[in-house]
Structure formats: structure tokens, C-alpha cells
Amino acid sequence: MIKTYNETEIKKIRTACEVAAECLALLKNSVQPGMTTEELDMIAMNFLSERRVRPAFLGYRGYPKALCVSINEEVVHGIPSKNRVIRSGDIVSLDIGTEIDGYYGDTATTVPVGNVDNSIKELIATGSFSLEQAIEKAAAGNRLYDVSSAVQEIAEKKGYSVVREFVGHGIGSKLHEEPQIPNFGTPGTGPILEEGMVFAIEPMVNMGTFKIEVLEDNWTAVTMDGKPSVHFEHTVVVRKNKGEILTWPKKRD
Ligand code: MF3
Ligand code: CO
Ligand code: CO
């Protein structure tokens, strides 16, 4: 069963999402060569605690931090560490989840640090574009795998691949709800989308093989060929003509 949320509930989800988006923007602007991934986690922790917002990942299935920081060939779930230093030429995926009064937000992005290869910048641009296009498909009356296939088509057209083991998900009153939202699939198939469904759409696009493995720490997923991977995520509500992004920083005037 895929839940639909009413406007009162969507407002609450949006509140959690806005804080997640603001936190992600802060992190994006903070990333610098020479800093550790632990420092980024501390920035997120401080930001969220000032706003009395619970970091949704902390303690989730035993995850030890607020933030996931995945560098280069790391796909997702990199655990911040005081021993991991960010270098010029790295690409850094940042993923943050929030909870306010029982409602959740989840958003991720990948940023280049210092001098990054053009071929890797192209991967970043494609990952970002695949998310945009997937969100366009999150329209009432479409099928779920219209969203999935948008990601796959865009990635594969460029010669990249999409990760199979990790997927997007429903979100709202839990961090992870039905349905699973793969980044691959057959257009025109899957459940029919209805207005008020809320999805975390999160393409993970690899430059080389789609195959991944999980490191000894039981969290960090890396590509099998060591080639880079990017991750982009928005929490989105299904609307009449396309998805509406909830994970934008709050507009202030
Ligand atoms: N990356 C996952 C997502 O976006 C959530 C991380 S779960 C955690 O859905 F346990 F690693 F925090
Ligand atoms: Co996430
Ligand atoms: Co997610």
C-alpha cells in the first residue's frame, strides 16, 4: 500500500524537508580540501541541534552519524570519520535526513571539490539531470516505473550505469516507506501514481559498472571497479503534472 498525504501532513513533511535542504546547502558551502568528513557531520549536528531537529539517520539501523559522506567510488552510506580527509579532485556525496514531530525529509547531492576532471563533472551533471527528469515523471496518473526508467535512460544513454542494490523510497511519517523506487525499470509499468504520494527519489549513477560491494564497516557501498559514483536525492510530492520538490531551502523575505 502506498500512502497518500493530505495538505496538512504535506505541510509538516515540507517543514522537515526545508531544514534538511538548508542543512545540505550549508554542507555544500562548507566542503573544502583538507577537512575531514567528521567535521562535516559536526556541522550538520550543530545546525540541526540549534533548530531542535532530529537527525533521522543517527541510530537508524545502528547507523552512527547524522550524515552520510561518500567520496569518489563510494556510492552511499560513507560514515563520517576524523581519519578521512577530503582532497582537491574528490567528488563528495552528502546525504542528510531530518525528522520533526514524526515527519521526515531526506535529500542528497554530489559536489566537486577543487580541480575535478571534466569527465567526472559530466557524471555529476548527468546524475543531477536524471533526478530532475525523474521528478517530471512523478505526476498523478503516471506509473511508478516511469520515474525509475527516466533515471536509467538518461544514465545509460551517456554510457553510465545505475545501481541496483539501493533504491529510492516512499517517505512521510517514516524515513523509509513503501514503495521502493528503483533507478531502473520499464516505462508504463508499476503502480499508478496518485496526488499526495511522497517519494524520496534518489538516483545513484556510476561511471563504470553498476556492481557495488559493501565494505567491512557494513555500511560504505563502493563501486566494484573503483570508478566514481554520484548520488542526488529530493523528497517530492506527486502532483497533477509533475512532482513538487519539498527539499528546497525555505524562502525568506
Ligand atoms: N541513504 C539513505 C536514504 O537516502 C538513508 C541512509 S540510512 C542510514 O534513504 F542508516 F545510513 F542513515
Ligand atoms: Co538520503
Ligand atoms: Co532516501
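Sorted by class, the shell around ligand 1 comprises 5 nonpolar, 3 polar and 4 charged residues (Ala, Val, Leu, Ile, Met, Phe, Trp, Tyr, Cys and Pro count as nonpolar; Asp, Glu, Lys and Arg as charged; the others, Gly among them, as polar). The model is a predicted one, so to speak of local features takes a pLDDT of at least 70 and side-chain atom pairs count only at pLDDT 80 or more, while totals for chains, interfaces and linings use all residues. Residues are numbered from 1 along each chain as its sequence is written, chains are lettered from A and ligands numbered from 1 in the order in which they are written, and side-chain values use heavy atoms, with hydrogens and water left out.

The residues around ligand 1 are F57, Y60, Y63, C68, H77, D95, D106, H169, H176, E202, W219 and E233, each with a heavy atom within 4 Å of the ligand. Some of them also make polar contacts, meaning a pair of N or O atoms within 3.5 Å. Two of these involve nitrogen on the ligand side: D95 brings a side-chain N or O atom to 2.8 Å from a nitrogen atom of ligand 1, and H77 has a polar side-chain atom 3.1 Å from a ligand nitrogen atom. On its own, ligand 1 exposes 330 Å², and the protein buries 96% of that (Shrake-Rupley method, 1.4 Å probe).

Now for the backbone. The peptide bond from E178 to P179 is cis, with omega near 0°, and P179 belongs to strand β8 (strands are DSSP runs of E, at least two residues, numbered from the N terminus). Positive phi values in residues other than glycine turn up at N72, near 55°, and at N218, near 70°. N72 is in the loop between β2 (67–71) and β3 (74–76); N218 is in the one between β11 (212–214) and β12 (221–223).

Then there is T186, in the loop between β8 (177–181) and β9 (198–201). Leaving aside residues up to four places away in sequence, T186 touches Y145 and S149, with contact taken as heavy atoms within 4.5 Å. T186 and R143 are 43 residues apart in sequence, with 9.6 Å between their C-alpha atoms.

Conventions. Polar contact = N/O pair within 3.5 Å; in protein donor to acceptor, adjacent residues only side chain to side chain. Helix = DSSP H or I, 4+ residues; strand = E, 2+ residues; numbered from the N terminus.
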